[in-house]
Amino acid sequence: MSETQQREVMNYDVAIVGAGPAGLAAAIHLKRRQPEYTVCVIEKGAEIGSHILSGAVIEPEPLDELVPGWRESPPPVLTAVREDRFYLFGRRRAWRLPVPPQAHNRGNYIVSLGALCAWLAPRAEALGVDLFPGFAAAKIHHRDDGGVGGVVIGDMGVGRDGRPRDTHMPGVVIAAKVTVLAEGCRGHLTKRLVEKYDLARRAAPQAYGIGLKELWQLPAGRGKPGRVEHSIGWPLDRGIYGGSFLYHLDGDRVAVGFVAGLDYQDPAFEPYEAFQQFKHHPRIHALLAGGEIVSAGARALVEGGYQSLPCTEMPGALLIGDAAGLLNVPKIKGTHQALRSGMLAALHLAERLDSSGFDTRLRASPIVAELKKVRNIRPGFYRGLWAGMLNGLWETATAGHSPWTLKIHADHEALRKLPAAGLAVSPRPPRDLPPRDRLAGVYFAATQHDEDQPVHLRILDPEICTTRCTTEYGNPCTRFCPAAVYEMIDDAAGRRLQINAANCVHCKTCDIKDPYQIIDWVTPEGGSGPQYRNL
């Protein structure tokens, strides 16, 4: 008996995986053009927006098109940008620099992307879109001809040993004529479909960064509503691409964040510790001291851009938003690209309920033209900070018309092996701002997983962890994970890897940075994971 025959089947014209800005824009735009289409959106987070984390400063033009008149009833977290600042940080000082052209934000808005998605969701429902939060699309449902025919929702109530519990409820099959993958960066299903259909055969490897963010409530009068600050430099060395952001909201709230490219080479580097170190810079410490963290989290982001763009269509399905890799790295923005790609997908499907032709349409659109213009800026930093900045000035001055396209490298291949002396970990300086460690950070992410469910972080060859990885790299998973999921234990039974899966905030860094590519992130039970508030 086939899986479809064993499970309940729900049929739709279009099934969208992921209730982020791309997925919701696709659903809203499509139902307006083809009200008779049946459309659903599947979201693994317990609530719409609970798994969404981004800076986020957004360009409003795509939102103007999607929700005309939205300013009359705006999202709950919204502050107009009034001022841009850009700094080079040293260990004790910060030098103000001219704002790069791509980072000018006048006319843009600081938002909580999670709150924005929660605000968009009722608009989709009002048009007849079926929203399914708390249900994880665990597998692809394939048609008889091998094409994508929808998704299979993960079973609920399965024990850690893989056996059904008393509460077991089998997931349904969401069968669809077209499936739209809007899972965001390093999507669980997208990763498998890119491999199955060889969608990246003409693309460079995707590049990634890890973004860490905290929302703080400052003492009264300390906030500067509408101020946007970015920085480069300390505590990152000149070989690591990245920097910080400070986005001042109203009510003396500030979003403070840190991004580090996952192409870093030092196996001792700890992105989370670098973020906490940045917060203790005299300039930042003075801002945050006396304040309180409201929420915190982490998420990988796509940085490959134009060179890493895979084919975005396959039989029965298409990719949009960060699932396709559409973030504009120099702008530090992807929401406008996500919204536009969702609306473009909707227009395509409204004209023809078929995925074929979408990739050509996307590549001929302003979405990809924007990526092509800045294609050489991010890879220019492979040669270091100063070379990257000089290259960025050139690419900006020439409007991206350089006659060359720089190469992108796979992040997991970048780590240097340990010297004969072994791992050299720098001592951690004292700090007094919360959270004190990564476990405390997990608390502020409010992440929740049923302890008695299968571990969703699969190690394909566990022996490598205790042998080669220990000697060659010093088990970097224990350092690049921002949630202390991975822990090496030495006890009477010997050395072993302990996976604290309940800590996971679904950032996907492990799936990306593991040098042996033996960590496979799969979706846990629906509704599990972080419960972000206004991130």
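**Reading helices and strands in a predicted model**

Modeller: Before we start, keep in mind that this model is predicted, and let us begin with two helices, α2 and α8, whose crossing is right-handed.

Biologist: Which residues of α2 and α8 make the contact?

Modeller: On the side of α2 (residues 21-33), the contact is made by P21, A22, A25, A26, H29, L30 and R33, while α8 (residues 335-351) contributes T335, A338, L339, S341, G342, M343, A346, L347, L349 and A350. To read such a list, remember that an α-helix has 3.6 residues a turn, so residues three or four places apart point the same way.

Biologist: How do the residues of that contact divide into nonpolar, polar and charged?

Modeller: In the contact of α2 with α8 there are 12 nonpolar residues, 4 polar ones and 1 charged. The two axes come within 7 Å and cross at roughly 35°.

Biologist: What does α8 reach from its first C-alpha to its last?

Modeller: Helix α8, with 17 residues, reaches 25 Å, which is close to the 24 Å expected at 1.5 Å a residue. Because 14 of its 17 residues are buried, α8 is largely enclosed by the rest of the structure.

Biologist: Which residues of α4 are buried, and what covers them?

Modeller: A residue is called buried when its relative accessible area is under 20%, and in α4 this applies to L113, G114, A115, L116, C117, W119, L120, A121 and A124. Their cover includes the helices α2, α3 (61-66) and α8, together with the strands β3 (57-58), β7 (109-111) and β8 (130-133). Helix α4 (residues 113-126) has 14 residues and reaches 20 Å from its first C-alpha to its last, close to the 20 Å expected; just after α4, G128 takes a positive phi of about 100°.

Biologist: Turning to strands, what is the order of the open sheet of 3 strands?

Modeller: The order is β3-β7-β4, and the pairing is antiparallel. Since β3 and β4 (78-80) stand at the edges and each has a single partner strand, one side of each is left without a neighbour in the sheet. Between β4 and β7 there are 3 bridges, and L78 stands opposite V111 in β7.

Biologist: How many bridges join β14 to β18, and why is β18 described as largely enclosed?

Modeller: Strand β14 (residues 208-217) is joined to β18 by 10 bridges, and the two run antiparallel, with L212 opposite A298 in β18. As for β18 (residues 292-302), 9 of its 11 residues are buried, so the strand is largely enclosed by the rest of the structure.

Methods: Residues numbered from 1 in each chain as written. Predicted model: local features only at pLDDT ≥ 70, side-chain atom pairs only at ≥ 80, totals over all residues. Heavy atoms only, no water. Axes fitted to C-alpha atoms, helices over the stretch in contact; angles between N-to-C directions. Helix = DSSP H or I, 4+ residues; strand = E, 2+ residues; numbered from the N terminus. Left-handed = near helix turned anticlockwise from the far one by under 90°. Contact = heavy atoms within 4.5 Å. Nonpolar A, V, L, I, M, F, W, Y, C, P; charged D, E, K, R; others polar. Buried < 20%, exposed > 50% of the residue type's maximum accessible area, 1.4 Å probe, protein only. Pairing = 2+ DSSP bridges. Expected span 1.5 Å × (residues − 1).
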